[in-house]
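Have the sequence and the 3D view ready.

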Amino acid sequence: MDTKKIQHAEWSSRFAFILAATGSAVGLGNIWKFPYITGENGGGAFVIVYIVCVALIGIPIMIAETMLGRRSGQNPISTMEMLTEEAAADERWRYLGWLGVIAGMLILSYYSVIAGWASAYVLKAFTGSFFDSDATAIKAIFDDFVASPVHLLVWHSLFMAATMVIVARGINKGLEKAVRFLMPGLFVLLVLLMAYAMTTSGYFQGLNFLFKPDFSKLTGSSVLTAMGQAFFTLSLGMGSVMVYGSYLSKDVSIAKASILIAGADTIVALMAGIIIFPLVFTYNLHPASGPGLIFQSLPIAFGTMTGGWLFGVLFFVTLVFAALTSSIALIEPAVAWLVESKGLSREKACIGAGLVTWFLGLGTVFSFNTWSGVTLFGKTFFEVLDYLTANLMLPVGGICIAVFAGWIMKREHSEQELNMPSAQSYQGWRFLVAYVAPAAVFLVFLHVVGVL
Ligand code: PHE
C-alpha cells in the first residue's frame, strides 16, 4: 500500500486543489442544468429547497467524502476497501466505491453529449449563425441541430476524445493548468452577461421567477430533483470528491475548502439563472423548455447585443472548458482504479474507460432524435439516465458516505483527519452527517414513493 501512496500524485498547493475541485463542481450542472430544471420546477421555491440542500446536506457530505479520500490516499474502490478494514466494518461497504465508478461513467456518457452541444455552439457563434436572429430562428437552429444524430455523434466523440487526452496526461499537468485560467475567465464573462441581462425588459420578471418563492408549485418530485441537483452540482456521492481528496496534502482544512467550493458553485448557478431568466421572459420563451433552454435563450442575446459575436464565442468556449474540468472528475475514479488496482497504464485505462463511456453516450445521442419516441415510464433514454444517476445513485452514494463517516468510521480517525478549529464545529458537522443528511435524503425518498 505504501508504494501506491508514493505513486499517487499530490496537488501542488492548497490553491490548486481548491481550483480543481471548484472546476469539478462548476460545469454544465450550474449553467445548463440548474436553469432548465429551475424552469421546469416553477422557480423560486425550488431554488430555496436547492440552497437548503446544498447547505445542510451537500457541504457536510462534501467534507465527509473529501476526508475519506484523503485518509486513504487512493482511488474510491481501494479507499472503501481500506477504510472498511480499518473500521472493522461489514465487507459490503466496499461496494460503495463501485457505485461511484459506475455512476461517474453513466453521468459522463450524457454529460459529454451536452458538452458536445456546447462545442458545436462555439462554431455556430463563430460563424455568425445567431446574427440578427429572433427567438423563432434560434429555436429552429437548436431543433435542427439535435435532430441530427450524426452531428451529435461527431461532437460527442470529439468531447470524449478531448477528455481522455487530458486525463491520460495526468492530474497535475493537464488539469491544474486548465483550471487556473478558466475559472476566473468564466466568472468575468458571467458578470458581463449579468450586466447585459439588466438592460433587458424581462429583467425583473426573470428575477421574480428565480427568487420569489411560490411554494404551491413545489411537488415531491421537485424536492427530489432539487436534492439530486445539490449532489450533482457539487459532484458528490460518486467518488470524484474522494479522488480529489486523495490527492490532497494533510495540512489543508477540509471544512474551509468545502465551504468555499460549495459557495463558489452556488454563486455560479445563481448567476446563470440571473442571466437566463430575464432573456426567457424578454423573448417570450417557456421557462420549462427543458434541456435546450440555454441554447434557445442565450444565442438571441448574442445575436442582438453589441459585441455579441465575441461574447458568444467566449461564452461557449468557457462553457466547454468548464464541462471539461467536470468530465475529467467524472472519469477519474474509474481511471485511478484501473491504474492503481488493475495495473493498467494510464493511457490504456483512459482508452478502456473512455470507449465504454462513449458507447453508452450513443443512447443519449439517439434519445434526442431517432429514439425520441422510445420511453420508459414516460422518460427518454437521456431522462432515465439523468434520473437514475442524479436523483437516485448520487443521493444513495451520498447517504452511504454520510453514514460511513458519521457512524462506522472511528471517531478519533475522523476527528484527527478533519482537525477542525473547535470541538463545536466538529460536533456540528458530525450531527449533520450522522443524523440530518441521512434523515433528509430518506424522507425525500419516502415522499417520492408515496409513503409520506
Ligand atoms: N458537478 C458537475 C457539474 O455541475 C457534474 C459532476 C457530477 C462532476 C459528479 C463530477 C461528478 O457540472
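## The largest cavity

About 120 Å³ of space lies in the largest cavity. On a 1 Å grid over the protein atoms alone, a cavity is a set of points where a 1.4 Å probe fits but cannot get out. Its volume is the space filled by probe spheres set on the points, which are joined across faces, edges and corners.

This is a predicted model: local features need pLDDT of at least 70 and side-chain atom pairs pLDDT 80 or more, while totals for chains, interfaces and linings use all residues. Residues are numbered from 1 along each chain as its sequence is written, and side-chain values use heavy atoms, without hydrogens and water.

The lining (residues with an atom within 4 Å of a point) has 16 residues, and those nearest the centre are Ser24, Phe232, Ser235, Ser326 and Leu330. Helix 15 gives the most to this lining, with 3 residues.

## The ligand inside

What sits in the largest cavity? The ligand does, as more than half of its atoms lie within 2 Å of the cavity's grid points.

Let's turn to polar contacts (pairs of N or O atoms within 3.5 Å). A polar side-chain atom of Tyr111 is 2.5 Å from a ligand oxygen atom. A side-chain N or O atom of Asn30 lies 3.4 Å from an oxygen atom of the ligand. Ser24 uses a backbone N or O atom, 3.2 Å from a ligand nitrogen atom.

Conventions. A polar contact is a pair of N or O atoms within 3.5 Å; within protein, one must be able to donate a hydrogen and the other to accept it, and residues adjacent in sequence count only if both atoms are side-chain atoms. On a 1 Å grid over the protein atoms alone, a cavity is a set of points where a 1.4 Å probe fits but cannot get out, and a pocket is an open set with protein on both sides within 12 Å along at least five of seven lines; lining residues have an atom within 4 Å of a point. Helices (H or I, at least four residues) and strands (E, at least two) are DSSP runs, numbered from the N terminus.
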